[in-house]
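Dear colleague,

I am passing on to you the structure we spoke about, and I would be glad if you could look it over with the notes that follow it.

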Amino acid sequence: MQTLTVQLGERSYPIHIGSGLLRAGTPVRAAVGRRDVLLVSNVTVAPLYAGLVKSALAANRIIEVVLPDGEQHKSLATASRVFDVMIANRLGRDAVVVALGGGVVGDLAGFVAACYQRGIDFVQVPTTLLAHVDSSVGGKTAVNHPGGKNLIGAFHQPIAVISDTDLLATLPDRELKAGLAEIIKYGLICDADFFTWLEQNIDALLAREAAALQRAIYRSCEIKAAIVGRDEREQGDRALLNLGHTFGHAIESATGYVDWLHGEAVATGMLIAADMSARLQHLDAADVGRIRRLLERAGLPVAAPQIGADSALGYMRIDKKVKAGRVRLVLLERIGQATLTGSYPDAALDATLKANFG
Ligand SMILES: NC(=O)c1ccc[n+]([C@@H]2O[C@H](COP(=O)([O-])OP(=O)(O)OC[C@H]3O[C@@H](n4cnc5c(N)ncnc54)[C@H](O)[C@@H]3O)[C@@H](O)[C@H]2O)c1
Ligand SMILES: [Zn+2]
């Protein structure tokens, strides 16, 4: 097991990464102690792994909530049902929420923990690759509103993240690949050597080789933890984590969040960001080729749906990163270095959108 710490003063917390962590039980027992537990999972994940959590916490009082599966259930209505269960079972301020699932369960359970009695402790036990490397770390919690994704939420850091790589064994291939997109993102924004390592190890990752997965998850969490430690509330650096997300947001919105997984949209979005960076002569054309090849080898899509440049721009303007009417973009200086900027020639964005969205 490897452990790293998200450094946030008195809100610092460990991320434990390794194989067999739930089966051993020690990390989750250490985080929870003897307190009451609200275990939140969903109908897909609970039958696979809730038993491991319950055995690890055999001495605790556990209230279990099993949610339906799917992004559409990351809602205030679902959160409200969870509050009902907590209140009916008289859970106190010292209870701990344990989120067992992907980003949907983690975001919702985290949001519930942030609100219940003005905030109680919670532990993340991520089960998708995306949750291992992204959503379980950093304390962003939210539910969706019919008017938009993640519009209602809070910053609330977990007290521990237990990242057991064994849980990835049952993850559908397509979800695994979507998680790889976020891992590739970390190499692109701040670690060229990690990007090269990914080029060398992408086949091992696709084959779910434990050592490769653990290394990729560890490095990704290390990068995210460092960024969150510097900029918890996204006033600066943390925005770099949105590489590919603004263009990807246009793809997800235009396709109604059903055909494309988030990581797939981010993959194509990163390639569009790379294309624009090359048009502005920051990034070499050869490096755009390297990025495209790695994404393709990871089994990720690299061509956007032809929704038209105007419609893509329309969706990008609804993105949260718009400031003073200007769409700010994360662009690449080179592989391993990104910048957030609102000052680019409009003609470059125009040309990029026309070339990629038709
Ligand atoms: N808080 C953050 O910082 C942050 C960051 C990125 C994404 N997110 C959020 O995360 C969500 C997406 O998360 P996701 O990609 O993990 O999707 P998800 O939670 O919907 O999981 C994807 C699918 O895999 C299933 N699944 C999960 N673990 C499994 C396992 N081990 N074996 C078999 N099936 C398994 C789930 O039931 C689901 O059907 C979005 O709501 C997004 O907004 C949050
Ligand atoms: Zn993302």
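Are Glu-182 and His-245 buried or exposed? In this model, which is a predicted one, both Glu-182 and His-245 are buried. These two residues also belong to a metal site: the zinc ion (ligand 2) is coordinated by Glu-182 through OE and by His-245 and His-262 through NE2, at 2.0 to 2.1 Å. Along the chain, the donors of this zinc ion follow the spacing E-x62-H-x16-H. Since Glu-182 lies in helix H7 and His-245 in helix H10 (residues 245-254), the pair ties together parts that are 63 residues apart in sequence.

Helix H7 (residues 173-190) also packs with helix H8 (residues 192-206), at an angle of about 160 degrees and with the axes 7 Å apart. As that angle is over 145 degrees, H7 and H8 are roughly antiparallel to each other, and their crossing is right-handed. Among the residues that make the contact are Leu-176, Leu-180, Ile-183 and Ile-184 of H7, together with Phe-194, Phe-195, Leu-198 and Ile-202 of H8; the residues of this contact divide into 14 nonpolar, one polar and one charged.

A last point concerns Thr-255, which is found in the loop between H10 and helix H11 (262-279). With a relative accessible area of 15%, Thr-255 falls under the 20% cut-off and is therefore buried. Leaving aside neighbours within four places in sequence, Thr-255 is in contact with Trp-260 and Pro-305; Thr-255 and Pro-305 are 50 residues apart in sequence, while their C-alpha atoms are 8.4 Å apart in space.

Key. Residues are numbered from 1 along each chain as its sequence is written. Chains are lettered from A and ligands numbered from 1 in the order in which they are written. This is a predicted model: local features need pLDDT of at least 70, side-chain atom pairs count only at pLDDT 80 or more; totals for chains, interfaces and linings use all residues. Side-chain values use heavy atoms; hydrogens and water are left out. Axes are lines fitted to C-alpha atoms, for helices over the stretch in contact, and angles run from 0 to 180 degrees between N-to-C directions. Helices (H or I, at least four residues) and strands (E, at least two) are DSSP runs, numbered from the N terminus. Angles under 35 degrees count as roughly parallel, over 145 as roughly antiparallel, 65 to 115 as roughly perpendicular and the rest as oblique. A crossing is left-handed if the near helix is turned anticlockwise from the far one by less than a right angle, and right-handed if clockwise. Contact means heavy atoms within 4.5 Å. Ala, Val, Leu, Ile, Met, Phe, Trp, Tyr, Cys and Pro count as nonpolar, Asp, Glu, Lys and Arg as charged, and the others, Gly among them, as polar. Donors are N, O and S atoms within 2.8 Å of the metal (3.2 Å for Na, K and Ca); water is not among the atoms, so sites may look incomplete. Buried means under 20% relative accessible area, exposed over 50%, partly exposed in between (1.4 Å probe, protein chains only).
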